[in-house]
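Me: Here is a structure I would like to go through. I want to know what stands behind each label.

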Amino acid sequence: MTASTSAARAARPAWEERPSPAGRAAKGTALTLIVASVVFPIYMVVLTSLSTQETVTRAGGLVSIPGGLSPAAYKELFAGGVVTRAVLVSLGVTTTGTLISLVVTVLAAYGLSRPGSLFHRPLLFMILLTFLFGPGLIPNYLLVSSLGLIDSYWALILPSAVTAFNLVVMRAFFMNVPTEMTDSARVDGAGEFRILWRIVLPVSKGVVAVIGLFYAVGYWNSFFNAVLYLNDNSKWPLQVVLRQYVLQGQSLVVGQTSDTIAGQPLPPSLAIQMSIVVLALIPVLFIYPFVQRHFTKGVIIGAVKG
Amino acid sequence: MRDDRVTGVLKDDQGTGPAGDLTSPAGTGTPNNVRNSTSKASRSIRNAGRSSGNPPRRPFLSRLRRDWPLLLMTLPAAGLLLLFHYVPLLGNVIAFQDYSPYVGIKDSPFIGLSNFQWLLQDQSFWDATLNTLGITTFQLIFYFPVPIVLAVLLDSVMRPRLRLIIQGIVYMPHFFSWVLVVTLFQQMLGGAGLISQILRDHGYQGIDLMTNPDIFLLLVTGETIWKDAGWGTIIFLAALAAIDQHLYEASAVDGAGRWKRMWHITLPGLRPVIILLLILRLGDALNVGFEQFFLQRDAVGREAAEVLDTFVYWRTLTTGEWSYGAAAGLVKGLVGLMLILIANKVAHRFGEQGIYKRSR
């Protein structure tokens with residue numbers, strides 16, 4: 001859709017007047033400022049995280065012009081200790097969670113993609129009803145604690161494993177797969193699991209990628225659930241560590257491995273703080289470009305049909 | 001809490017209902033005709049699909065034999081939602097109890113509506129409500145139009161490649177966590193942030209924009225714009241792409257200038273989406289997001305930053321007044337539900353699809 005429109009609009013149609021120089025300049029400035037407001041802070045954070053202590057001191061704070069570079073901050077963070085562990089926790093929760101969420105969502109989206117099947121309406125109704133009314137913070141907390149999930153990583157995964165929205169979008173996509181394809185496979189004796197795996201999934205890669213990104217970002221960014229359910233701070237994921245040591249500037253014990261001298265609790269240097277920010281940022285920056293092209297296609301059309 | 005935000009997005013995206021009709025390949029004709037006829041057509045197609053997918057009822061056992069794999073597939077999701085949505089929904093009975101975790105739900109005494117009575121007499125509850133509504137109103141005025149303007153601006157970028165890059169960049173902050181966004185803002189606007197740093201370099205006093213309760217509304221709206229305005233353009237861009245280009249050409253030939261065309265063609269083309277999103281936002285008036293306020297409540301103080309969600313958290317988890325917090329959550333949920341139902345009614349009245357249809 002986007003491709004065709006942009007192709008159609010690539011050339012200025014004959015009837016459209018040429019924009020005035022002032023108009024062009026205004027538009028260019030506006031767009032540059034908007035893009036800069038996103039890119040510049042990220043650039044400064046990355047640069048500061050890679051700068052030497054002298055460069056940071058000379059800049060008096062965030063570094064905007066590259067000076068002396070050094071990976072010291074990252075080396076220190078990955079020497080073992082709070083941040084290393086937090087990164088591992090976040091990675092573990094994100095991969096496990098995304099995998100579970102995707103499998104459960106794909107299965108249910110396919111299971112509900114055939115109107116007229118047994119219990120189709122009540123099941124769909126039950127899922128859609130979750131849009132209208134959330135159970136609330138306190139009952140959620142009491143449930144998780146009565147299941148014995150306090151201080152368990154499962155508390156970060158299970159309660160949010162299925163999002164009705166993602167399920168509905170994916171279902172809408174599956175319903176769009178031409179029935180001729182699935183029907184003929186069924187005539188050939190393929191079971192539902194086989195049809196899903198061999199026919200429906202291969203043509204739905206885009207939407208699976210987008211929903212996967214949504215889930216993954218949700219798990220990676222999960223902050224409050226960890227505050228709520230994890231009392232043991234050795235289990236904290238990266239977002240909580242980010243808040244504690246960067247936003248609130250608490251002292252951080254870094255490089256505390258068994259064979260070095262116990263690190264002195266110092267307020268973390270700016271470079272170290274910024275490298276924690278970068279760690280929280282990196283997965284999004286990396287995965288995002290691969291999924292971006294599916295956005296309009298997968299999300300809009302899926303949501304429309306939902 | 002994450003769920004709240006996701007469903008927020010969801011409702012917005014679900015609002016693409018009418019945009020769907022807009023994006024369906026439009027034939028020729030005036031936009032109104034096109035819209036009506038395509039929506040009618042799609043509806044009849046949908047109906048046809050339903051009746052053909054719904055063969056004459058077979059006996060239960062034969063349907064079970066046919067559909068058991070589908071049921072099996074739905075089971076895990078249904079089970080998770082049942083356990084983590086519907087069970088806690090029932091857990092709300094503690095709002096009518098004097099609940100104690102040591103006694104348990106079964107044996108805690110029922111005290112009727114006392115919790116709700118206390119709640120309605122609690123000044124801090126009303127403060128949080130007022131804050132929430134104030135933030136909603138402020139953002140309705142100062143946040144809501146931003147994605148529309150941004151979408152029109154992006155749509156006017158001619159070179160497809162450049163446009164894709166800009167889109168990619170402005171969508172991105174949507175995927176950052178609130179901790180990250182608040183941290184970045186602190187690094188820019190805080191007492192030790194970039195602005196203060198520049199001011200100090202030039203011999204002025206540094207300023208801390210992150211801890212001033214008087215400008216907190218501006219700050220959170222600015223953060224919301226930075227994080228979500230780009231992503232919010234998606235739906236408007238889809239609607240823009242669906243506007244019939246011939247209309248622009250015809251009116252240009254008739255002598256309408258750039259601004260005239262925007263007023264008479266672009267805006268009417270976006271109108272259904274705008275109305276829908278507006279109604280949905282009103283239905284969602286009590287949800288302003290949780291983490292953003294949770295994270296900044298300490299810095300600016302309770303007076304400015306306490307919203308209903310944070311009220312529930314602080315009143316309960318820090319004091320152990322479970323029943324009271326559940327009552328507050330329940331009130332918020334019920335009022336929210338009412339607002340959604342009203343908003344949906346209004347949507348239907350406007351001839352829009354709303355978030356749900358009467359039948360599926």
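Reply: Start with burial: a residue is buried under 20% relative accessible area, exposed over 50%, and partly exposed in between, using a 1.4 Å probe and protein chains only. This is a predicted model, in which local features need pLDDT of at least 70 and side-chain atom pairs count only at pLDDT 80 or more, while totals for chains, interfaces and linings use all residues. Residues are numbered from 1 along each chain as its sequence is written, chains are lettered from A and ligands numbered from 1 in the order in which they are written, and side-chain values use heavy atoms, with hydrogens and water left out.

Me: Why is Arg66(B) called partly exposed?

Reply: Arg66(B) has a relative accessibility of 29%. That value lies between the 20% and 50% limits, so the label is partly exposed.

Me: What makes Asp67(B) buried?

Reply: Its relative accessible area is 2%, and the label applies under 20%, so Asp67(B) is buried.

Me: Why is the pair Asp67(B) and Arg66(B) called a salt bridge?

Reply: A salt bridge needs a side-chain nitrogen of Lys or Arg within 4 Å of a carboxyl oxygen of Asp or Glu. The N to O distance between the side chains of Arg66(B) and Asp67(B) is 3.0 Å, so the pair meets the rule.

Me: What is the distance in the salt bridge of Arg297(B) with Glu306(B), and are the two residues buried or exposed?

Reply: The closest N and O atoms of Arg297(B) and Glu306(B) are 2.7 Å apart. Both Arg297(B) and Glu306(B) are buried.

Me: How do you know that Asp183(A) and Arg186(A) are about one helical turn apart?

Reply: They are three residues apart in helix H10 (residues 179–187) of chain A; helices are DSSP runs of H or I with at least four residues, numbered from the N terminus. Asp183(A), at 38%, is partly exposed, as is Arg186(A), at 28%. Arg114(A) and Glu192(A) are linked with these two in a network of salt bridges.

Me: What makes Arg258(B) and Glu16(A) a salt bridge?

Reply: Their side chains come to 3.8 Å, N to O, which is within the limit, so the pair counts. The count between chain B and chain A is two salt bridges.

Me: Which residues count as being in contact between the chains?

Reply: Those with heavy atoms within 4.5 Å: 107 residues from chain B and 108 residues from chain A.

Notes:
Helices (H or I, at least four residues) and strands (E, at least two) are DSSP runs, numbered from the N terminus.
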